[in-house]
Amino acid sequence: KAQQETRLRATRTQLGDMDAVVLRGKGRAFIEQKPVPAAASGQVVVRIRAAGVCGTDVEIFDGTLGYFETGLATYPITPGHEWCGTIVDVGPDCPANWAKGQFVVGETTMGCGDCCGFCPEQYNRCPQRTETGIARRDGGFAQYMAFPVSALHRIADTVPVDVAVLAEPLSVCVHAVESAQSPKGTHAVVFGDGPIGLLLAQVGSFAKPSQLLAPETVCCIACSQSSSWCVETKRKETHNVLLG
């Protein structure tokens with residue numbers, strides 16, 4: 001333990017302080033200087049290269065996130081659950097396949113392990129869970145972040161930073177398509193043309209629907225990646241098609 005504490009102090013001394021966005025209440029956002037976090041056991045320190053802004057981040061800023069009512073989320077918090085970065089330090093007890101210089105992204109939700117009855121399979125339901133940049137764990141709106149390797153994923157160095165930062169929202173879309181379990185040849189519908197809608201149309205193309213009903217913006221993106229099966233619709237038109 002003494003050796004670990006000495007190492008943590010050395011890491012902080014080497015990297016110094018960093019800038020981080022800190023939300024301290026509804027509508028109260030500040031850029032503050034904080035010590036660079038050190039890598040504890042099973043963790044690495046990541047230099048953040050990009051972070052995306054999600055609708056959840058807006059809810060944290062304006063205080064409308066439901067977690068504030070349940071007590072899962074509290075201020076202060078550094079937001080940012082969509083991020084990518086480069087490992088700059090590896091803590092003790094990390095597997096040998098983790099090293100400085102690796103390009104990585106991280107998961108949002110992490111459970112307690114196995115004591116709650118939901119982990120590890122349903123860790124998103126764990127009452128003791130942390131959610132990066134949302135609940136009980138600071139996120140990527142900072143220059144550096146300490147992160148457990150158990151929730152870390154390698155990204156190829158050839159992937160552009162502005163693409164890698166979309167890994168988290170992309171995973172949402174992959175999960176949605178896999179959960180639908182729709183057989184090939186069925187109809188698919190995308191409501192909305194925000195980032196998730198745009199990504200969902202592209203991921204959905206791999207499920208080989210016979211037809212995709214989506215707003216014009218989504219079709220422009222989806223059809224540039226595949227064929228002309230994307231049909232532009234307005235909300236009323238989509239409703240009529242679904243009802244036959």
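Biologist: How many bridges join strand S5 and S10, and in which sense do the two strands pair?

Modeller: Two strands pair if DSSP finds at least two bridges between them. Here strand S5, residues 103-106, pairs with S10 in the antiparallel sense over three bridges. Within this pairing, Val104 stands opposite Arg154 in S10. The names follow a rule: helices (H or I, at least four residues) and strands (E, at least two) are DSSP runs, numbered from the N terminus. Please note that this is a predicted model, in which local features need pLDDT of at least 70 and side-chain atom pairs count only at pLDDT 80 or more, while totals for chains, interfaces and linings use all residues. Residues are numbered from 1 along each chain as its sequence is written, and side-chain values use heavy atoms, with hydrogens and water left out.

Biologist: In what order do the strands of the sheet that holds S5 and S10 lie?

Modeller: Five strands form an open sheet in the order S9-S3-S4-S5-S10, with antiparallel pairing. Its edge strands are strand S9 (144-148) and strand S10 (152-154), each of which pairs on one side only. The twist averages 45° from one strand to the next; for such angles, axes are lines fitted to C-alpha atoms, for helices over the stretch in contact, and angles run from 0 to 180 degrees between N-to-C directions.

Biologist: Which strands form the open sheet with mixed pairing?

Modeller: Three strands form that open sheet, in the order S6-S7-S8. Strand S6 (109-110) and strand S8 (136-137) stand at the edges with a single partner strand each, so one side of each has no neighbour in the sheet. S6 pairs with strand S7 (residues 130-132) in the antiparallel sense over two bridges, and Thr109 stands opposite Glu131 in S7.

Biologist: How many residues lie between S1 and S2 in their hairpin?

Modeller: Two residues lie between them, and Gly27 in the turn has a positive phi of about 70°. Strand S1 (residues 17-25) and strand S2 (residues 28-35) pair in the antiparallel sense over eight bridges. Val22 stands opposite Phe30 in S2.

Biologist: Let us turn to the loops. Is Thr108 buried or exposed?

Modeller: Buried means under 20% relative accessible area, exposed over 50%, and partly exposed in between (1.4 Å probe, protein chains only). Thr108 has a relative accessible area of 11%, so it is buried. Its place is in the loop between S5 and S6. In the protein chain as a whole, buried residues make up 38% of the 244 residues.

Biologist: Which residues does Thr108 contact beyond its neighbours in sequence?

Modeller: Contact means heavy atoms within 4.5 Å. Leaving aside neighbours within four places in sequence, Thr108 is in contact with His81, Thr130, Glu131, Thr132, Ile134 and Glu168. His81 lies in the loop between helix H3 (67-70) and strand S4 (82-90), and at 4% relative accessibility His81 counts as buried. Not counting residues up to four places away, His81 touches several residues, including Cys54, Asp57 and Thr108.

Biologist: How many salt bridges does a search of the whole structure find?

Modeller: A salt bridge is a side-chain nitrogen of Lys or Arg within 4 Å of a carboxyl oxygen of Asp or Glu. The search finds three. In one of them, Arg24 meets Glu32, the closest N and O atoms being 2.7 Å apart; Arg24 counts as partly exposed at 38% relative accessibility. Another joins the side chains of Asp138 and Lys34 (3.3 Å, N to O). Asp138 lies in the loop between S8 and S9 and Lys34 in strand S2, so this pair ties together parts that are 104 residues apart in sequence. A further salt bridge joins the side chains of Arg129 and Glu131 (2.8 Å, N to O). Arg129 is buried at 12% relative accessibility, and Glu131 is buried at 7%.

Biologist: How many disulfides are there?

Modeller: A disulfide is a covalent bond between the sulfur atoms of two cysteines. The rule used here requires a pair of cysteine sulfur atoms within 2.5 Å, and the count comes to zero. Cys84 is buried, with a relative accessible area of 0%, and Cys94 is buried at 16%.
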